[in-house]
Amino acid sequence: MARKATTVFKCSECGATHPKWLGRCPDCGQWNTLQECVQDPNATQAALRGGEFAQKARPVPLATVQAQEDERLLTGIGEFDRALGGGATKRSAVLLGGEPGIGKSTLLIQAAANLSASQSGRVLYVSGEESASQIKGRADRLGLDSGKIEILCTTRLEDILDALDKLNPIFVVVDSIQTVYSVEGGIIPGTVNQLKYCSNELIGWVKERDSVLIMTAHVTKDGNIAGPKALEHMVDTVLSFERNNDETRFLRALKNRFGSVDELGIFEMGAAGLVEIKDPSAMFITRREGEQPAGIACAAVFEGSRVFMVEIQALTVPAKASLSRVYSEKIDGARVSRVAAVLEKRAGLRFSDQDIYVNVAGGMRLTESAIDAALAAALYSARTDIPLPAFSALVGELSLAGEIRPVSRIKQRVKTAKSLGYQKILCPEKCEGAALVQDVKGLVAAIFKKTSP
């Protein structure tokens, strides 16, 4: 049962406490220095940091609050800073999730080394999974200057808080939060109570200082961050580290209070650690010699502030059972089914007796509606076995009526496609260097040189 908080009045000059308010402190003789505080036995250690009493919170008019610009720390890793929204915001907490061995610790030790070299403050790396010698060995293999990084190998929250108070670091890494425990939350790490209690204590500490806290987290077999969903609500930013293949990694923001969630950081794992891929356009396009095979179409998509040209691949085969199926991992299966239904209704192609397979070259996950036109062209090409012309690209959203609708920032998409050598570009708006297409029938006529029924 929760115990009731006790209200006292504390002198801001000498620290003496009194049971009631007085105009003058009897101990030090100063006037108007007594402030109302609470002695709450249920309060967290972060709330009571610096003393036994916490000053009582009072509401203030929002109009009197002065807004402040977010001050950021640059980690020295451009793709990491991009996913964070332009750098790590001070007084913020970041949760980084990813499957084991994907490179979370490698990324964070690289960022810690860069910050320790460029900033005057201290950097603290807390490890609950690896020993200090293991972390030192990794830093040496990567050629990092780790001389200014403070390492703490423990799983006790109280040890971590003591180290934070003594060092007052500007950058804190906790790897991982599932290993941290406190006697206040039980003795078993990783439970719901432990995660919430320990995270709340660490977040409370960083919110009062010009520091950045990054906590790594385990993930489930489905790729979601393990533990209670409340843990994601408590932090300011949630980053997901995803594996595309043995070398390529995607870092995307699932939540960001200080930036966009549309940015995508792309890395390649090598002998020197995680290396940024600053121009990833070539990753998602297959350069071929000769005629392009059927079922291939290219689209210009936005990920944050960058345009990527991606290759959508489609294959249709007769259904092996009475019920046709859609196999698509990188594009939502419901979107594929909807586009196929529009083609069946508006272009006269039959997909109801076909199994549909859809893939994206390079393994990039596509969610925006601008890929609809390219997906429709790939499905039409796969069903008729007629290839699209080489170096052609499409942009546009497909409506249920068969219309190709405009999408945001079409001019930037067309400009990027032209700069990469695409000669035939179709879009639903008039743009220099692009052909106008407004519906499915027009798309079929422009790409495949035939009129749909």
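**Close-up views of a predicted model**

View 1. Strand 8 and strand 9 run parallel and are joined by five bridges, and valine 123 stands opposite isoleucine 149 in strand 9.

**View 2. The contact of helix 4 with helix 5.** The axes of helix 4 (residues 157–167) and helix 5 (residues 192–207) come within 11 Å and cross at roughly 5°, which means that helix 4 is roughly parallel to helix 5. Helix 4 contributes Leu157, Ile160, Leu161, Leu164 and Asp165 to the contact, while helix 5 contributes Tyr197, Cys198, Glu201, Leu202 and Trp205. By class, this contact of helix 4 with helix 5 has eight nonpolar and two charged residues, and no polar ones.

**View 3. The buried residues of helix 4 and what covers them.** Leu157, Glu158, Ile160, Leu161, Ala163 and Leu164 are buried in helix 4, and their cover includes strand 8 (123–127), strand 9 (149–153), strand 10 (171–175) and helix 5. Just after helix 4, asparagine 168 takes a positive phi of about 50°.

**View 4. Valine 180 in its loop.** Valine 180 is found in the loop between strand 10 and helix 5, where this residue is buried, with a relative accessible area of 2%. Leaving aside neighbours within four places in sequence, valine 180 is in contact with Thr155, Leu157, Ile160, Val174, Pro189, Gln194 and Cys198. Valine 180 and glutamate 158 are 22 residues apart in sequence, with a C-alpha to C-alpha separation of 9.7 Å in space.

**View 5. Glutamate 263 between strands 13 and 14.** Glutamate 263 lies in the loop that links strand 13 (248–256) and strand 14 (264–270), and is buried, with a relative accessible area of 12%. Not counting residues up to four places away in sequence, glutamate 263 touches Arg82, Ala83, Leu251, Arg252, Ala253, Glu303, Gly304 and Ser305.

Note on methods: Residues numbered from 1 in each chain as written. Predicted model: local features only at pLDDT ≥ 70, side-chain atom pairs only at ≥ 80, totals over all residues. Heavy atoms only, no water. Axes fitted to C-alpha atoms, helices over the stretch in contact; angles between N-to-C directions. Helix = DSSP H or I, 4+ residues; strand = E, 2+ residues; numbered from the N terminus. Parallel < 35°, antiparallel > 145°, perpendicular 65-115°, else oblique. Contact = heavy atoms within 4.5 Å. Nonpolar A, V, L, I, M, F, W, Y, C, P; charged D, E, K, R; others polar. Buried < 20%, exposed > 50% of the residue type's maximum accessible area, 1.4 Å probe, protein only. Pairing = 2+ DSSP bridges.
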